[in-house]
Amino acid sequence: QSSVTLYGVMDLSLVKSNGISAQLSGSGLMNNGNSRIGLRGVEDLGGGLKASFNLEQGINPESGALTGGAAGAWNRAAFLELSGGFGGVRLGRSLTPSYYGLAAWELTGAANYSAVANQFGFVAAGARNDSQIAYTTPNFGGVTASLAVVLKPDTPAAVGDNAKYDLNVIYANGPIAAALSYNKVQEHKGNLAIGGSYDLGVAKVAASFQDGYAGGVAPSNTTAQKQRGFTIGATVPVGAFSVTLDIARDTKAKDTDVVIEGKYALSKRTFAYAAYYNDGKQDGAAVYKTGAKNHLGLGIRHNF
Amino acid sequence: QSSVTLYGVMDLSLVKSNGISAQLSGSGLMNNGNSRIGLRGVEDLGGGLKASFNLEQGINPESGALTGGAAGAWNRAAFLELSGGFGGVRLGRSLTPSYYGLAAWELTGAANYSAVANQFGFVAAGARNDSQIAYTTPNFGGVTASLAVVLKPDTPAAVGDNAKYDLNVIYANGPIAAALSYNKVQEHKGNLAIGGSYDLGVAKVAASFQDGYAGGVAPSNTTAQKQRGFTIGATVPVGAFSVTLDIARDTKAKDTDVVIEGKYALSKRTFAYAAYYNDGKQDGAAVYKTGAKNHLGLGIRHNF
Amino acid sequence: QSSVTLYGVMDLSLVKSNGISAQLSGSGLMNNGNSRIGLRGVEDLGGGLKASFNLEQGINPESGALTGGAAGAWNRAAFLELSGGFGGVRLGRSLTPSYYGLAAWELTGAANYSAVANQFGFVAAGARNDSQIAYTTPNFGGVTASLAVVLKPDTPAAVGDNAKYDLNVIYANGPIAAALSYNKVQEHKGNLAIGGSYDLGVAKVAASFQDGYAGGVAPSNTTAQKQRGFTIGATVPVGAFSVTLDIARDTKAKDTDVVIEGKYALSKRTFAYAAYYNDGKQDGAAVYKTGAKNHLGLGIRHNF
């Protein structure tokens with residue numbers, strides 16, 4: 001009866017941040033990814049219909065702590081999906097449509113040290129929603145679209161009795177990927193990003209335009225959280241090695257974040273990485289949003 | 001060396017309750033079951049003796065939260081059992097004998113929207129005990145009996161230095177099931193239920209008599225928590241579809257709870273369900289014990 | 001892609017402690033081991049290089065609670081290791097080198113009722129470190145050595161901005177095992193233990209000398225926590241049965257702890273045990289460190 005795949009990631013790095021002694025890091029800014037375990041499975045219901053599920057738990061391997069605490073133990077994924085010729089309907093805690101759109105132009109695979117995500121969030125908002133009801137269309141010649149809603153009683157109390165909408169339109173065909181992502185809480189400002197990438201073979205280049213509000217839920221009567229800017233980057237693969245440069249500039253705040261990443265594949269499932277992150281500017285409170293002016297990390301990621 | 005089976009449930013529904021906006025629900029009243037993961041295994045020790053274990057964790061798929069928190073992470077099951085010709089001895093956190101008796105007349109499979117359980121608890125008490133030491137007899141011509149004890153230092157501080165006893169006698173043979181369940185904390189009132197079901201083929205009918213105290217641990221010098229009443233219901237299967245009606249009436253409080261449930265099997269492991277729950281009466285505090293006068297749920301349950 | 005082994009332990013006992021009613025025990029003093037689940041896997045990277053990981057979670061089977069809470073959910077192990085001809089480098093939460101040294105003279109397999117560990121800790125300190133960076137040499141004719149460091153920002157705030165060092169040298173060859181363990185937090189007292197065991201066939205005898213400070217992190221300007229003493233013990237196997245006597249004497253506090261343990265193998269993975277622990281002396285506060293003067297436990301441990 002059992003049909004469960006158990007998978008996960010263990011990722012640890014040594015990090016030196018400006019003004020802070022060298023330290024071990026697990027599930028931190030200078031890790032490629034957050035360590036985790038997950039369960040997933042698919043059942044064929046016949047007639048082209050499938051039921052699938054995913055549960056995913058974040059673990060900090062420095063201590064063994066649940067990164068989401070008991071209240072978010074499986075908060076990386078906790079959903080059930082029905083899919084078939086009509087597309088797919090996913091119910092539960094999940095990555096947002098905006099996040100899946102962002103993958104079209106984010107070059108580190110949404111690493112923790114992603115300049116795109118640290119500068120602009122995941123199209124201003126978090127990467128995941130609780131209580132998401134999401135529909136994704138079938139693939140029409142490379143085009144898919146997703147629309148997710150979080151119903152009023154299911155959004156955080158802080159946003160009042162308002163539903164959230166989140167959508168993307170993605171075009172992916174051979175070397176080309178392009179996407180539009182948009183999300184909005186009722187009675188709050190909407191957040192938009194649009195971008196894409198092109199794989200030239202010798203290099204993959206990517207760019208995006210970002211137009212949102214810091215935190216993703218700015219009240220409709222303010223522009224204080226306004227974020228606008230662009231990202232641009234390239235990845236150059238050389239055999240088992242690859243180098244990525246990604247730049248994210250907030251033109252309103254005149255703040256440019258830069259990440260340089262080198263990866264070396266030790267196997268299909270394990271790679272070593274080195275990354276340098278430069279946080280462009282202190283916030284008003286004289287604090288860098290990443291905690292320091294710059295960071296150097298050297299780590300290993302093992303997928304299982 | 002490993003011999004572990006990983007299993008679980010993902011169950012999500014859309015719910016509309018009287019006076020509350022529609023919402024997604026995971027591990028709520030209008031879910032068929034609580035989402036969960038579990039581990040179990042059996043080892044043959046030779047000579048007819050077996051060692052087995054079970055661990056089960058509740059997860060709310062709306063957020064990925066542990067439904068029991070860190071202090072009850074595996075509180076759906078955490079026990080070790082030795083079984084053989086003599087019967088079985090189970091040690092740890094487990095469903096109670098009273099619960100297993102209740103299965104003889106509860107028609108929804110102890111769904112979250114069970115009228116029996118929402119009206120009368122699991123023979124007045126909770127479904128599970130911490131620190132349970134339980135013995136179950138071998139099957140004698142369809143009859144089994146279980147006796148569980150929770151020793152004095154292992155019961156909750158709220159009941160003082162008192163042990164808890166919990167027992168059932170079950171008869172199950174072909175279309176007939178009947179059971180008596182009884183549980184009692186020393187120096188507190190005992191709780192009793194007796195009932196059964198008969199499978200006529202075209203329908204399965206069930207009924208029970210309940211005589212206990214709300215919460216299951218009423219002090220011996222009070223009758224304030226007295227609950228007495230009956231349950232009656234029927235399930236009619238039509239191919240992959242089935243309809244259940246279950247009614248639970250507290251004759252002392254003059255409170256009748258009713259559930260109507262329809263289930264449609266999408267496969268052996270996955271089904272869709274619709275359920276309507278009517279909570280008979282407000283408590284003194286003008287609050288319905290289920291949170292609203294009535295509830296409509298439409299959901300999917302996937303067992304893996 | 002999946003290559004994960006899921007394993008664990010379920011261990012429950014009945015315990016009678018001096019002055020306390022009999023009770024069920026899970027993950028307590030009178031259990032052989034703490035109940036747990038774990039995940040581990042190994043990947044061959046080619047060229048003799050391997051990547052491996054381990055995650056291990058403690059569970060109290062009386063209630064299903066995470067023994068480490070959400071903040072220590074996987075605190076029994078959470079590490080990634082690279083190993084090859086050069087030895088091994090392990091990053092994350094792990095047992096300490098001092099612990100692995102102690103295994104040379106501890107006869108109960110570091111049972112919860114170990115007299116060695118309850119009297120002297122794991123070479124004065126805890127059994128595990130967060131954020132450990134550990135290197136273990138290859139085996140040179142039976143000799144291995146391990147050195148672990150916890151960097152300054154990764155040690156607990158209570159010890160200030162100080163790194164921790166932990167090391168062992170182990171000799172294991174046929175019937176002989178001997179080890180030296182040492183650990184020290186900068187600006188704090190160091191803790192030392194040295195000992196070994198010899199397997200005579202009819203009996204295995206063991207002894208150690210202990211010289212440390214209670215809790216393992218005594219400030220450098222005090223000797224108040226001084227602990228010095230020895231341990232001595234023997235295990236006699238008789239077929240599926242074995243008896244162990246282990247004595248741990250703190251010569252400074254004139255406190256002698258004694259454990260007598262009998263084990264009976266029901267299979268390769270399951271055994272029954274009986275253990276008697278005598279706590280030698282009350283502390284100044286008239287409280288026994290184990291909670292009572294003596295304890296008798298009777299339990300079952302199932303490895304899966």
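How much area do chain C and chain A bury between them, and what percentage of it lies on carbon and sulfur atoms? In this predicted model, chain C and chain A bury about 2700 Å² between them, 69% of it on carbon and sulfur atoms, where buried area is the accessible area (1.4 Å probe) that two parts lose on being put together, summed over both. The model being predicted, local features need pLDDT of at least 70 and side-chain atom pairs count only at pLDDT 80 or more, whereas totals for chains, interfaces and linings use all residues. Residues are numbered from 1 along each chain as its sequence is written, chains are lettered from A in the order in which they are written, and side-chain values use heavy atoms, with hydrogens and water left out.

At this interface, 33 residues of chain C are in contact with 30 residues of chain A, contact meaning heavy atoms within 4.5 Å. The count of salt bridges between chain C and chain A is 0, a salt bridge being a side-chain nitrogen of Lys or Arg within 4 Å of a carboxyl oxygen of Asp or Glu.

Turning to chains A and B, 33 residues of chain A are in contact with 30 residues of chain B, and the two chains bury about 2700 Å² between them, with 69% of it on carbon and sulfur atoms. Across this interface, 0 salt bridges are found. On the side of chain A that touches chain B, the elements giving two or more residues are β3 (36-46), β4 (49-60), β6 (77-84), β7 (87-95) and β8 (128-136) of chain A, strands being DSSP runs (E, at least two residues) numbered from the N terminus.

Over all chains, the count comes to 15 aromatic pairs, for which rings of Phe, Tyr and Trp (its six-membered ring) must have centres within 6.5 Å, with planes under 30 degrees apart counted as stacked, over 60 as edge-to-face and the rest as tilted. Phe53(A) and Phe304(B) form a stacked pair, 3.8 Å centre to centre with 15° between the planes; the pair crosses between chains, from strand β4 of chain A to the segment after β18 (294-303) of chain B.

Chain A can be laid on chain B with an RMSD of 0.0 Å by a turn of 120° and a shift of 0.0 Å along the axis, the superposition being by least squares on the C-alpha atoms of residues with pLDDT of at least 70 in both copies. The two copies are thus related as by a three-fold rotation axis, and in chain A the C-alpha nearest the axis is that of Ala70(A), 3.1 Å from it. Only 9% of the interface residues of chain A are also interface residues in chain B, so the copies meet through different surfaces.

Notes. Helix = DSSP H or I, 4+ residues; strand = E, 2+ residues; numbered from the N terminus.
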